[in-house]
Amino acid sequence: MADNLREDLLLGIGNPLLDISATVDEDFLKKYKLKANDAILAEDFHKPLYDELVEKYNADFIAGGAVQNSMRVAQWFLEKPGVCIYMGCVGKDKYSAILEERARENGLNVRYQYTDKEQTGTCAVLITGKDRSLCANLAAANCFSPSHIAEPENKKLIEKAQFYYVSGFFLTVSSESIQTVANHAFMENKIFMMNLSAPFLCKFFKKEMLAALPYVDILVGNETESEAFSEANELGTSDLKEIGLKICNWEKMNKKRKRIVILTQGAGSVLLIKDNNVTEYPVPKLEEDKVVDTNGAGDAFVGGFLAQYIQDQSLETCIKCGIWAASEIIQRSGCTYEGRPDFTP
């Protein structure tokens, strides 16, 4: 662990959700019009799904939400409490108490905004074989407001942080808050990082995404998200390397550093696009019987990456740590871990 690690160094903002995870069959997916490996926001006809999971399936409850997962994984590596701050909105209920307790146990400095308008958000994690389908009912997470980051204590934390990470999912909640934090990072020459998060965001929240992109120093996405971004923005290619290069050269506010794009491909190699060059990092093959649940693999990758990045490690070490973290997490149910991480560059 680097000597320069301090509290409140990395700030993550996202949608805190209680994951309700269960193995289901194809008929269950069809019943709720879901795809085997996708991530969507719940509509009204999805609402009965959550109770059905709890009543009819052996569901696990796991503290979740993409950014919160990444922050928890980063803290696992850092082994110093409070390096990561996490903000998001929850309800005033027993689920938020569970979420906060779990997050603080993992070393996070949790700064939730509380609302009495909605219950704490939930995400159905539907496992079919090696695939997982996510259906998120944001509920209270949708109620995050810019007033939260304007509160004096929270504003101080934002000013104290040097690195910022937001998910594309948060574009659906408070684009204004993203702009505020992104602009602060730009003005102070700090690092702002974002994840594409899901294909639907590239299409249906294109305006919000393109408003944030010029501030992004590091962008992460997977193959389906990248292709969706290319289609939504008429890049004219489905080649991941070309897409990455085009995003790298997209308009950027901070001219002091060039944008870095990192594209994952599941079990395929990770692409690092930087300075108009593409470097591939192979993902070690994991035996089929060791793969338990791919949910959280992307979140874990970001957590491992960030844990090294904020310690000023090389991009190669950051990516290898991300790959290692993802490999560990998919051998367990949900974005969970145990023991001390024994990653070595």
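Student: What makes α3 roughly perpendicular to α13?

Tutor: This is a predicted model, so keep that in mind throughout. The axes of helix α3 and helix α13 (residues 315-329) cross at roughly 110° and come within 12 Å. Angles from 65 to 115 degrees count as roughly perpendicular, so α3 is roughly perpendicular to α13.

Student: Which residues meet between α3 and α13?

Tutor: From α3 you have V73, W76 and F77. On the α13 side they meet C321, W324, A325, E328 and I329.

Student: And where does α3 (residues 66-78) lie on the strands?

Tutor: Helix α3 lies across β1, β5, β6 and β9, and runs at about 145° to β5.

Student: What is the strand order in the sheet of nine strands?

Tutor: The order is β6-β5-β1-β9-β10-β11-β12-β13-β14, in an open sheet with mixed pairing. Its edge strands are β6 (109-115) and β14 (277-281).

Student: Why are β6 and β14 called edge strands?

Tutor: Each of β6 and β14 pairs on one side only. From strand to strand, the twist averages 20°.

Student: How do you know that β1 pairs with β5?

Tutor: Count the bridges: a pair needs at least two. β1 and strand β5 (residues 84-91) have four, in the parallel sense, so they qualify as paired. As a landmark, L10 stands opposite C84 in β5.

Student: How many bridges join β1 and β9?

Tutor: Four again, and that pairing is parallel too. Across in β9, G12 stands opposite Y165, and I13 stands opposite V166.

Student: Which residues of β1 point one way and which the other?

Tutor: L10 and G12 point one way, L11 and I13 the other, and all of them are buried.

Student: What about α7: how does its reach compare with the expected 18 Å?

Tutor: Helix α7 (residues 175-187) has 13 residues and reaches 18 Å from its first C-alpha to its last, close to the 18 Å expected at 1.5 Å a residue. Its buried residues are S175, S177, I178, V181, A182, H184 and A185. Their cover includes β1 (10-13), α6 (152-160) and β9 (163-167). After α7 comes N189, with a positive phi near 60°.

Student: Why is S197 called buried?

Tutor: S197 has a relative accessible area of 12%, and buried means under 20%, so S197 is buried. You'll find S197 in the loop between β10 and α8 (199-204). Beyond its neighbours within four places in sequence, S197 is in contact with S167, G168, F169 and E225.

Student: What makes the S197 side chain and the backbone nitrogen of G168 a polar contact?

Tutor: A polar atom of the S197 side chain lies 2.8 Å from that nitrogen. The limit is 3.5 Å, with one atom able to donate a hydrogen and the other to accept it.

Student: What is the phi of A139, and why mention that it is not a glycine?

Tutor: Because most residues other than glycine have a negative phi. A139 has a positive phi of about 45° although it is not a glycine. A139 lies in the loop between β8 and α5.

Student: E234 also has a positive phi. Are A139 and E234 buried or exposed?

Tutor: A139 has 12% relative accessibility, so A139 counts as buried. E234 has a relative accessible area of 73%; exposed means over 50%, so E234 is exposed. The phi of E234 is about 50°, and E234 sits in the loop between α10 (223-232) and α11 (240-248).

Notes
Residues numbered from 1 in each chain as written. Predicted model: local features only at pLDDT ≥ 70, side-chain atom pairs only at ≥ 80, totals over all residues. Heavy atoms only, no water. Helix = DSSP H or I, 4+ residues; strand = E, 2+ residues; numbered from the N terminus. Expected span 1.5 Å × (residues − 1). Buried < 20%, exposed > 50% of the residue type's maximum accessible area, 1.4 Å probe, protein only. Contact = heavy atoms within 4.5 Å. Axes fitted to C-alpha atoms, helices over the stretch in contact; angles between N-to-C directions. Parallel < 35°, antiparallel > 145°, perpendicular 65-115°, else oblique.
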